Amino acid sequence: MFYDTHYRHNEALSPEALTTLPAALHALNAGVDDCRRAGKPIDRDASIILLIRNLAAVAERDAPSTNDLRLRCAEDRMTVIAGSALLTIAGNSVAGDAAAKRTFHRQARLALASLAEAIGIPAHDVRINTDAGGITDDGTTELRHADLSIRVRPHSFLPDSEITFNRCRGGEHAGPVQRAPIAELLDAAAFLRRLAATVGDVGAPRLAAAA
């Protein structure tokens with residue numbers, strides 16, 4: 001059902017109160033919603049274009065130069081890349097948060113690949129897959145090797161057990177399930193020591209050195 005209101009028109013014609021970036025952005029977002037409810041094309045609605053221009057004017061006011069902003073943006077980007085959301089997300093269910101689920105399991109796959117390299121397992125001998133599950137499931141990312149399985153979940157009912165792992169034989173689960181905290185996924189030396197003490201010399205002699 002489409003219906004039109006004049007919220008966006010009022011804001012666009014009287015933008016005197018929209019002098020801060022949050023206020024101008026809120027007015028634009030609300031105006032876009034208003035326009036969609038009316039079933040009208042956003043890119044041709046005069047009020048939306050006026051609100052965009054007001055937002056741009058507010059953003060430019062007292063703003064640093066474009067070069068400064070680009071440098072800050074690049075620095076922020078590198079900080080995000082260097083960091084990990086795994087520890088922040090861990091301990092919380094992501095079943096109802098698709099973005100958090102994607103982020104967690106994407107980073108879990110990268111961390112497991114790095115861990116496999118630290119263990120000394122050739123990349124072609126490892127499968128790393130994610131089963132995202134349904135909307136009520138947190139999903140699981142697993143590293144599977146002929147001798148080892150490591151599974152990572154964002155949330156566990158037991159403390160410090162977001163990682164479960166066990167010995168495999170011919171790629172099938174064989175040994176008892178061991179548990180480890182998610183932090184060890186980002187600390188290869190700590191996990192290698194745990195792995196050597198519980199599962200043994202999977203993959204490479206580096207395990208003995210790590211122990």
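Which helices do the buried residues of H3 pack against?

1. The buried residues of H3 pack against helix H1 (7-13) and helix H2 (21-38). Contact here means heavy atoms within 4.5 Å, and buried means under 20% relative accessible area, with exposed over 50% and partly exposed in between (1.4 Å probe, protein chains only). Helices (H or I, at least four residues) and strands (E, at least two) are DSSP runs, numbered from the N terminus.

2. This is a predicted model, in which local features need pLDDT of at least 70 and side-chain atom pairs count only at pLDDT 80 or more, while totals for chains, interfaces and linings use all residues. Residues are numbered from 1 along each chain as its sequence is written, and side-chain values use heavy atoms, with hydrogens and water left out.

3. In H3, the residues that are buried are Ser-47, Ile-48, Leu-51, Asn-54, Leu-55 and Val-58. They lie on the same side of H3 because they cover an arc of only 120° around the axis, taken from the directions from the helix axis to the C-beta atoms. Ala-46, Arg-53 and Glu-60 are exposed on the face turned away from that buried side. After H3 comes Asp-62, with a positive phi near 60°.

4. Strand S2 (residues 140-145) has five of its six residues buried. S2 runs antiparallel to strand S1 (residues 127-131), with five bridges joining them; S2 also pairs with strand S3 (residues 148-152) in the antiparallel sense over five bridges. Pairing requires that DSSP finds at least two bridges between two strands.

5. Leu-143 of S2 is the bridge partner of Ile-128, and Leu-143 also stands opposite Ile-150 in S3.
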